[in-house]
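Visitor: I am new to this structure. Please show me how to read a few of its features.

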Amino acid sequence: MTEKECIHRDDEEGSPLLRRAIALLIAFVVLVLFTILLVYLILRPTKPHFILQDATVYAFNTSAPFNFLTTNVQITIASRNPNDKIGIYYDKLVVHATYRGQQVTLPTLLPQTYQGHKDVSIWSPFVYGNNVPIAPYLGNEISQDISVGSILLNVKIDGRIRWKVGSFITGKYHLYVNCPAYVGVGGKMVANSVVVGKSLATKYQLVQNCHVDV
């Protein structure tokens with residue numbers, strides 16, 4: 001038998017083994033994906049519920065002519081896992097505040113946590129920004145809101161979560177939360193507000209449901 005015939009025969013013997021290995025790999029991948037889909041369809045994880053409980057305003061000041069904004073607000077946010085059989089890993093949560101679509105505070109990183117079935121997690125971070133430049137067209141808007149005595153801030157959370165079913169943990173999913181908050185400014189009080197201590201900060205009891213996307 002020539003060398004060429006030996007090589008050809010080895011290729012013929014190896015090809016079925018290679019095809020079989022590829023077929024087994026494809027079958028395994030399909031089985032894993034089918035299992036994940038089946039678990040999802042059976043359990044149907046419900047996205048967590050977020051509530052903005054309160055906001056304490058320590059500072060909301062502008063510098064003439066309303067081109068820079070200084071903000072210092074402590075917020076209390078509660079999250080509840082509504083699922084009976086699914087836990088939630090909060091791998092990364094970053095919170096900040098926006099005013100009329102513009103981010104006006106630095107991002108604040110929240111602690112990672114695991115949320116069991118029906119559990120509630122609460123965070124009380126500060127969101128702040130010192131002399132943040134604001135868009136020129138917002139100058140008049142801020143001026144009007146301060147004269148009225150109240151503004152609408154949006155507290156936003158951007159993060160990554162994973163679902164846990166038994167010992168099985170999914171990949172990461174994008175979490176987006178938006179919480180509207182009406183608070184007083186310019187020294188004016190609004191409903192459900194109290195002055196806190198000697199700091200002259202004002203605390204607003206909001207209990208505002210947040211919009212959540214996963």
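Predicted model: local features only at pLDDT ≥ 70, side-chain atom pairs only at ≥ 80, totals over all residues.

Visitor: How many residues does the largest nonpolar core have?

Guide: In soluble globular proteins, nonpolar side chains tend to be buried together. A nonpolar core is a set of buried Ala, Val, Leu, Ile, Met, Phe, Trp, Tyr and Cys residues joined through side-chain atoms within 4.5 Å. Buried means under 20% relative accessible area, exposed over 50%, and partly exposed in between (1.4 Å probe, protein chains only). Here the largest core has 39 residues, and those with the most contacts inside it include Phe 50, Ile 75 and Val 95. Among the elements that each supply at least two residues of this core are strand 1 (49-63), strand 3 (87-99) and helix 2 (138-148). Helices (H or I, at least four residues) and strands (E, at least two) are DSSP runs, numbered from the N terminus.

Visitor: How is a pair of aromatic rings described?

Guide: By the distance of the centres and the angle of the planes. Rings of Phe, Tyr and Trp (its six-membered ring) pair if their centres lie within 6.5 Å; planes under 30 degrees apart count as stacked, over 60 as edge-to-face and the rest as tilted. The structure holds six such pairs. Phe 50 and Tyr 90 are edge-to-face, at 6.4 Å centre to centre and 85° between the planes. Phe 50 lies in strand 1 and Tyr 90 in strand 3, so this pair ties together parts 40 residues apart in sequence. Phe 50 and Trp 123 are stacked, at 6.3 Å and 10°. Phe 50, Tyr 90 and Trp 123 form one aromatic cluster.

Visitor: Is Asp 91 buried or exposed?

Guide: Asp 91, in strand 3, counts as buried because its relative accessibility is 12%. Leaving aside neighbours within four places in sequence, Asp 91 is in contact (heavy atoms within 4.5 Å) with Gln 112, Arg 160, Arg 162 and Lys 172.

Visitor: And Tyr 182, buried or exposed?

Guide: Tyr 182 is exposed, with a relative accessible area of 56%.

Key. Residues numbered from 1 in each chain as written. Heavy atoms only, no water.
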